Each structure stands twice: as C-alpha cells, then as structure tokens.
Amino acid sequence: MSSPANRRSRNITEGVARAPNRSMYYGMGYEEGDFGKPMIGVANGHSTITPCNSGLQRLADAAAAELKASGANPQLFGTPTISDGMAMGTEGMKYSLVSREVIADCVETCVGGQWMDGVLVIGGCDKNMPGGMMGMLRANVPSIYVYGGTILPGRYKGQDLNIVSVFEAVGQFTAGRMSEEDFCEIERRAIPGSGSCGGMYTANTMSSAFEALGMSLPYASTMANVEDPIVEHTRAAARTLVEAVKADLKPRDIVTRHSIENAVAVIMATGGSTNAVLHFLAIAHAAGVEWTIDDFERVRRKVPVICDLKPSGRNLAIDLHRAGGIPAVMKALLDAGLLHGDCITITGKTVAENLRDVPPLRADQDVIRPVANPIYAQGHLAILKGNLSPEGSVAKITGLKNPVITGPARVFDDEQSALAAIMERRIQPGDVMVLRYLGPKGAPGMPEMLAPTGALIGQGLGESVGLITDGRFSGGTWGMVVGHVAPEAHAGGVIALVKEGDTITIDAHRLLLQLEVPDAEIERRRAAWTPPPPRYTRGVLAKFARNAASASRGAVLDAD
C-alpha cells in the first residue's frame, strides 16, 4: 500500500487540478522535491491572551524546524484559546467549554481540508488539550500532542503561590482574615511567567492523561514552559511523528478502551481534575470507543491516590516532574497490576516497553508514594447518583475529613447571585448551595464555579458547606462540591425542582446525591415546571446550547 505522502503526491500531480495545486505551493517556496514529502500540520495554540499559551511560539518554531529537518513539510495553522482563569466568574466563562469544540473543529477542518499526512498539536490552557485530542481523533491521521508546559510557582512570604491562591485570597480578604497589602501582593505574584496553572488542575491533569494514553512522549506532561528542556522535547516529538507517519500509526490505533483506562488510572492516582470526566467522555466519543460515566467509578474503586498534589495536596506539577514525572507514577501502577502494559503508544512501543528502564520511586522525594502506602486507598473522583442525578454527577472527595452532609438548600439560578450571597456572609455552615441553569444547554456552556468555591474556602467553609451544580468546577476546586449534575436544570432535571429550604444529602460513602422530598411532591413540581427561554438565540453560544449533549455524555455536539 502506498504511503500517505505518495498518495498525496499522486493526487496533486494527476488530473486538471495539478497546475493550480502545485502553483499554490510554489508560492510558499516549495520546490519540486517537496511534493514527495509528507505534509504535516502544526496546530499552534500560541496567543498573548493568557500565560498558559504565551510561551508556545518557540515550541511551534522548534517543531516546524525539526519536521523540515526530518524530511517533512510543516504546515502551520492556528487554534484559539480562552483563558479560564481570566474568564472565571464572568460571562466569558460560558465560552470556555465551547472553545473545546471550536479547537477540535479547527484541527479536523485544517487536517481534512488540506489532506495532511499528520498533525502535531501544541496547546496550553485547559480546553486546548481535549479540543486538540478530539480533532486528532476525528481526522485520524498520525498525530502527537505537545503540551506547552506548566508554570513555575510564584512566591510570597516563603509560600508557593498559584492561580487558586488568588481566588482563595478573595474569600480570606472579605472575611477579614487577610490584610489588603497581603491580598494585593498575592494577586501580583501568583503568576510569575508563562505556562499553565501549576497544580494538578485541568491543564496538567489532561496533559498527564495524554502521556498515559500514549499520545504524548514520556515525561512530556509536567515540564515547565520557561525551562529549556521542553524545546528539545518538542523536537523529539516532531521526529517521533515523522516515524509514525511512515508507519501509518494513527490515533485510533492508540486510543482504545484499555488506553483510556490507563489514562483514567493516572488521573485517579494523581488526584486530577473533575473536568477529566467530561473531557474523556468526549474523547472516547471522538475515538468511537465505548466508555461511560460508570467506567470512571469502576476505575476509581481500584486505583489509589498516590500523589500529594494541589488542590487537595501540597505540591505542584513541577514538583511531580522533579520527583520522576508521570513515568514514575505509571511504573508504580504498572508494577501493581493497575495499567494495561500492552497498549501501543505514539513511540511505536508499548506502555510496558516505554517504562522498562524507569527507575523505582526515589526515597528522597515525597510527592509520589508507593501504591502500598497511598494517600487515599481509592480514587478521588466519585460518581454520585440519586434522584438529583440519575445520569450521574462528579464529586472530588479527597482532602475532606467527612464527605457527607445533609442540610437545607440555598437555591441560586446563576453564579453571580450565589457569589454575592457568599461574600455577604449569608451562607452558613451546614447549608447546601444549589447553583443551577448552568449546564451545557442552560448557561449555556457549563461554566466553572471557581469563584464561589474559592470564596467558600477562603472564608473557612470548604468542609462545612455543600455546593451542587449542573455546571462545572475548576481543576483547582476542592471541598464538599458536586458538579456535572445530570440531567441539567434546563433539560428538566430534578435540580430544577429544588426549592429554598429543601433538605439535600451529599454522601460520597454511599455515592448518593438525594433531594429529600417525596416522589409525589417532585412529580407535582415537575408538572408545574416550564423550561426557561434560551439565554442566547444567535451565534456560537446559541449553537452550542441547541446541540450539546448531557454532561453525562461529555457535552459533545455530535451525539447520535
């Protein structure tokens, strides 16, 4: 069978399209010999919108140069990004999940429209990863993901800082527990340069999972953006991709049910973001792999949390890298029988082969624990069900002394009024906040709730106040919180029927999210409920609202 490059060359040189096609390439400096080389896209997420992506251009330049040196023709194109940290708590946050779909469409469109032989995707901020991966899987040409790297910590008064430090400082300052001087200094110092948010938040969670999935090179997921080794690593990724094109090794050869299980095992072991549930449902859908929300619970029960990482632990992603990185985590899991070692990876080797020479856990580090001595015996991302979430909801249950609460509902139909209630000290210990009409269709776009949860933690209410929502949480969130409640309020889920003062139970031990109201009363309320009008009727948010599937299906736009 002819190679992709040979097929492309033949397509270009045959028929009446020959002269116009070749002429366009000559206009970009191509020579006759270039038409037999593979055309490889470089999807570049560089922007000056956010520190997460402001350091990507040198990686795109390095990838393009290495592709050319390796006998390929690099074709650069851009993908957009939305800064979750900057959009948080504003109307702009509604565009965050939408951007996942836009990025996926960009990759699929450029690769398909220009019939590229392969693609290298470079990204930084949260939705860059799942969006890029979904586009790669749809296009299904040889592909590799290059993560732009984590940020280094800020420092103030001897303490490491990161983006979540700022949101929690808001709550501390308004509660009178922090001076204005300290608050302003934390704000100024938390982000010292380029790179993605530094804890095991969504960006680092997804990059780590992609390494475990086999779609990024070993050690690629926890490097710092501002440190030089990441440039050589990008060059190595480009060389690896050229070899994958020659071998015709495609994403759907790599992304299987077993490799997704490996990725989810690493998410559990590292204490990763709740957003990984939503995104891997979407990634599995793009790959055509059977994977449901219940599979996360199945993996959670058998994989312990072995990494001490923020937001519910002490360390940052760069500390994990210096302790051995994701290969050290994977080696510990593989030796314990918790990974599928026979999964093929983009290197052309299996997981077990990639990990063969990884040394045992070092005794001089305390970031990664042995599987036999975990931080928590089971994973941290629990799938809760009950009459409030018959399709499932997601709770991060680590870092809590007792992940059970039963209390009166405090009901809010938007994030801003909920945040105002917290800031005005109207939320008391024992309350269960209900933030609704914030799902994929209702908001639309399923915004993250870091501002309310950060304010609760800053006021010292992180363990004593429950919060449930059909929206999402930042990867930096921790506390008695449950997100992705499905069906969502806008679709007539029971969360839409909750009234102020109703009793709600969150019980992670029983995996239960329950409205303590008789079934007959719930049905009476349902009969009286009418869906609210759409908040947007034109543009990208309206299109997303019309097409988005339930959060329990990844909020994808092309569900059956």
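Here is a short chat about a predicted model.

Me: Hi! Which residues touch the most other members of the largest nonpolar core?
Reply: Those are L120, F280 and L333, in a core of 100 residues.

Me: What is L333 in contact with, leaving aside its neighbours within four places in sequence?
Reply: L333 contacts A265, V266, A269, V303, I306, L338, L339 and V371. Another core lies apart from the largest one; this other core has 32 residues, including A395, V411, I468 and W478.

Me: New topic, helices. At what angle do α5 and α6 pack?
Reply: The angle is about 35°, and the axes of the two helices are 7 Å apart. Helix α5 covers residues 94–113, while α6 covers residues 128–139.

Me: Is their crossing left-handed or right-handed?
Reply: The crossing of α5 and α6 is right-handed.

Me: And which residues meet there?
Reply: From α5, they include R100, I103, A104 and V107. Among those in α6 are P130, M134, M136 and R138. By kind, the residues of this contact are eight nonpolar, four polar and five charged.

Me: Okay, on to A486. Where is it found?
Reply: A486 is in strand β12, which spans residues 481–486.

Me: Why does A486 count as buried?
Reply: Because its relative accessibility is 1%, and buried means under 20%.

Me: What does A486 touch, not counting residues up to four places away in sequence?
Reply: A486 touches L388, S389, P390, E391, G392, S550 and S552.

Me: Last one: what separates the C-alpha atoms of A486 and L361?
Reply: A distance of 40 Å, with the two residues 125 residues apart along the chain.

Definitions and conventions: Residues numbered from 1 in each chain as written. Predicted model: local features only at pLDDT ≥ 70, side-chain atom pairs only at ≥ 80, totals over all residues. Heavy atoms only, no water. Core = buried A, V, L, I, M, F, W, Y, C linked by side-chain atoms within 4.5 Å. Buried < 20%, exposed > 50% of the residue type's maximum accessible area, 1.4 Å probe, protein only. Contact = heavy atoms within 4.5 Å. Axes fitted to C-alpha atoms, helices over the stretch in contact; angles between N-to-C directions. Helix = DSSP H or I, 4+ residues; strand = E, 2+ residues; numbered from the N terminus. Left-handed = near helix turned anticlockwise from the far one by under 90°. Nonpolar A, V, L, I, M, F, W, Y, C, P; charged D, E, K, R; others polar.
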